[in-house]
Amino acid sequence: MATQRTRARRASVLGIAGAVCAVLLAACGGGSSGGDASPSPSLDPSADLSKQSIVVSNWDAYMDPDVALKFTDTTKANITVAKHATNEEIVGKLTAGGDPGIDVAFVSGQYAQALNEAGLLEPIDPRLVPNMANLYPESKNLSFDPGSTFSVPYAWGTTGICYREDLMAAAPTSWNDLLNPAPEYEKKTLMLATQPWLNLPAAKALGFSANTTDEGELEQIKQQLLKTKPTLLGFDDVTFYSRLAAGEVVMAVAWDGWCNYSGDPNVKFVVPSEGADLWADTMVVLKSSKNKEAAMAYINFMIGDEMQSWMTNNILYKSPNKTIAEKAAAELGADFPNIAMTPADLAKGESLIDLGAASKIYQQIATEVQAS
Amino acid sequence: MTSRTSAGVRRHGDGPLLRALSSVPALVYLLVLMVIPLGLVIAYAFLTSGRFGGVQGPATLDNITRLFQPLYLEVLASSVVNAGLATFIAFLIGFPAALAITRLSLSWQTVALIAVVMPFWTNFLIRTYAWILLLNREGILSDGLALIGLGPIEVLYTREAVILGLTYAYIPLMVLPIYASLQRLDSMLLEAACNLGAGPWRRFRTILLPLTMPGIITGCLFVFIPSLGNFVIPELLGGGNSQMIGNLIRDQFLKSRDWPFGSALSLLVLALLVIIVMLQASAARRSRKWGA
C-alpha cells in the first residue's frame, strides 16, 4: 500500500515543493506561446525505434517503477522518466515557449484540451497505437477530446462521497447529505479544496453542470458552499482517507480511488444520485517531439495489458482497458467497489472540460469560501 | 587608536580597483537574486494573465485595484493578526527561555542551543504533519485532556492550531537573537541595580528590556515575516478554514493561473514588510540611544 499512500497526484500539499520550483522555473516563461501549427510530416510505422529516445513526464508513483526497463525491452527505444507534481506545473513547463524537452506528458483531460487548443499537441496516429482497440469506446469519446484525436486515457474515474458505514445511521445518497448535514454529523465532514471539485457537490445538488460558467449559477453554488462551510471540519485534499479511518470524520468528498487508501473496510464510496464528474488522466504527445514514433509506441505500451494491470492493482483507479478492467472488477471489486463500476456507470458522470477564463471565478469562489 | 589609524592606512593602500572588484560578487548576487526577480514581479503585476498562466499585454491597473476588494484585505488582515499573535507568543516563551539559557554553565549553554535548533534537523513538513497526529480529535492532546475530564477538544483545523503551528515552527528564530543580545549584556549592571534596591520588575523594565531590545526586535521580525507568508501550516493545521495571504498567492500561481494578480498580492505583502522593517530600523536606532 505504500506506493498508493505516497501518491501525490492531486495532493496539493505534497506538490508544494514541486510547485515552488515550478514557479521559479516558469517565472521566465511568460506569455502563452502559440506552438507550431504546421502539420508534422506523417509518422513512419517502420521507423527504427532503437535509434529513438524519449522523455516522459508523469506524476510521481503513477506508473510501474520498472517502466523504463520494460519499455526498452519491448520496443528497443530509450526512455527517460521525469516527474511533475500537478497539472499546472507540467502545463507551465510545456507552454513556457521553446522546446520543453518532453515528448510525452501525463495530464488530466481538461488540460489536454487546453494544450491542444494552443496547438502544442501531435495528433494520435492510430496505426502506431494499436492497443487503442482494447479501450472501452466510452473512454475514447470524452467531451474534452471526442474520438481521442490528441489524447489517450491512462486511467479514469469519478468523484463521490467516502463515508464510514459503521458510524452513520444510513448511507448518504445525495450531495445534500453532506452539504446540509444532519446535526449529529456537523463538524464531521470534509470537502476537497481544489477546483472544480470544491464546486462539484453544490453544482450537482443544485442541478447545474459541473463545468458551469453561468454567473448566476456560480453565485448560487457559492451561497450553498458558504452555508456548508460552518458544518465542515475542514478542507482536505491529502489526508482525508486517514481522517475517515481514524473516525474523526464520517463523510468526505473524495476521488473514487482514494477511499481505498484508508485500508478500513468500513470506509465505503458512493456516487450521489444527482451525479458527479467523469475525469480522465491522459497521455499526450508534444508537437515539438523529435521521436514521435517512439512516443506513440510508449502510449501504446502504457495502455497495454501489463501496464494497465499494474496501474489498476496498485493505484486502484479504473482502467480504460476493457480486458484489464473486467479482470480487476472480478478480482478487486468486492473489496474496492469503485473498481467494479462499469463504463455505463462512469459515463453517467459529466466529463470535465477546460474552463478557460472562468477558472478565475472558480478560484475566487474557493478563496471566498475558505476565507469566510 | 594606533591600530585604527594603521587599519585606515592599509585600507587606503588597497586602491579603488581592488575595492570595486571585491564588491562584484555581492552586486551580482543582488542583481540576479533580488533586482531582476523583483523587477519581474513588479512588471507582472501590471500585465494581463495568459491562458496557461504567464503574462501578456495589455498593461492594466486591474490587478492593483482588485487588491482593495474587502475579500483580499480581510485575508491580509487575518494573516497579520495570526502572524502577530504567533510572534507575541513566541516572545513570551522565547525571552524567558533565552534568559534561562544564559544562566547555564558554558557547556550546558551549548547543549541548550543545540536543543533549540534541533527541530530544524527534521523536515518542516514532517514536523507539521506530526502536529496533526497530536491535535486531532482522536489524538494525544484530546485523549489526554479527556482523561482528566477536560476533553475531547477541537483544535485541529482551527485558527488556534494555525497560530500554534506558526509559533512552534519559528520559535528558535526568536530565542537565538535574544540569547545573543543577553550574552552581550554586562551582568554588573543588574548586580548594581540590585544593590541599589531595584526590584526584579524594575530591573527587567529599565535594564534587561531596553538593552536587549535590538535582539527582541530582530527575533520578532524573524518570526513575523515567515509566519506572514506561510501557506503550509494554514493548509495542514487550519484545514483550509483559515486562509492566509501565502495561500492566496500560491493559489493565484498554481490554481487560477493568474500570475499578474499573484504578483500584485506579493507586492502588497512586500509593501507591508518594508513598512515594518523601516519601523524596526527606527526603533533600533532609538533603543541604541537609550543604551548609550
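Student: What makes A:Lys70 and A:Glu306 a salt bridge?

Tutor: In this predicted model, the closest N and O atoms of A:Lys70 and A:Glu306 are 3.6 Å apart. A salt bridge needs a side-chain nitrogen of Lys or Arg within 4 Å of a carboxyl oxygen of Asp or Glu, so the pair A:Lys70 and A:Glu306 qualifies.

Student: Why can this pair be said to tie parts of the chain together?

Tutor: A:Lys70 belongs to helix 3 of chain A and A:Glu306 to helix 12, residues 305-314, so the bridge ties together parts that are 236 residues apart in sequence.

Student: What makes A:Lys83 and A:Asp60 a salt bridge?

Tutor: Their closest N and O atoms are 3.4 Å apart, and the cut-off is 4 Å, so A:Lys83 and A:Asp60 meet the rule. The pair links distant parts of the chain, 23 residues apart: A:Lys83 sits in strand 2 (residues 78-84) of chain A, and A:Asp60 in the loop between strand 1 and helix 3 (67-75).

Student: Which salt bridge does B:Asp258 form in chain B?

Tutor: The side chain of B:Asp258 meets that of B:Arg66, with 3.1 Å from N to O. B:Asp258 is in the loop between helix 12 and helix 13 (259-291) of chain B and B:Arg66 is in helix 3 (residues 62-66), so this pair joins parts 192 residues apart in sequence.

Student: How do you know whether B:Asp258 and B:Arg66 are buried or exposed?

Tutor: The cut-off for buried is under 20%. B:Asp258 has 3% relative accessibility, so it is buried. B:Arg66 has 17%, so it is buried too.

Student: What makes helix 5 of chain A largely enclosed?

Tutor: Seven of its nine residues, in the stretch 109-117, are buried, so helix 5 is largely enclosed by the rest of the structure. Among them are A:Tyr111, A:Ala112 and A:Leu115. The buried residues of helix 5 pack against helix 4 (87-94), strand 3 (104-108) and strand 10 (277-285) of chain A. After helix 5 comes A:Gly119, with a positive phi near 75°.

Student: How many residues of each chain take part in the contact between chain B and chain A?

Tutor: The contact takes 41 residues from chain B and 44 residues from chain A. The area buried between the chains is about 3700 Å², and carbon and sulfur atoms give 56% of it. In chain B, B:Phe52, B:Tyr157 and B:Leu254 lose the most area to chain A, together 19% of what that side buries.

Student: What polar pairs does the rule find across this interface?

Tutor: The rule finds five residue pairs in polar contact between chain B and chain A, and zero salt bridges. Helix 12 of chain B gives the largest share of the side that touches chain A, five residues.

Student: How do you know where to be careful in chain B?

Tutor: Over residues 1-9 of chain B, pLDDT stays under 50, and the model has zero contacts there beyond four places in sequence. Where pLDDT is low, the predicted coordinates should not be read in detail. Chain B averages a pLDDT of 87, with 93% of the residues scoring at least 70.

Note on methods: Residues numbered from 1 in each chain as written. Chains lettered and ligands numbered in written order. Predicted model: local features only at pLDDT ≥ 70, side-chain atom pairs only at ≥ 80, totals over all residues. Heavy atoms only, no water. pLDDT = per-residue confidence, 0-100. Contact = heavy atoms within 4.5 Å. Buried area = accessible area lost by both parts, 1.4 Å probe. Polar contact = N/O pair within 3.5 Å; in protein donor to acceptor, adjacent residues only side chain to side chain. Helix = DSSP H or I, 4+ residues; strand = E, 2+ residues; numbered from the N terminus. Buried < 20%, exposed > 50% of the residue type's maximum accessible area, 1.4 Å probe, protein only.
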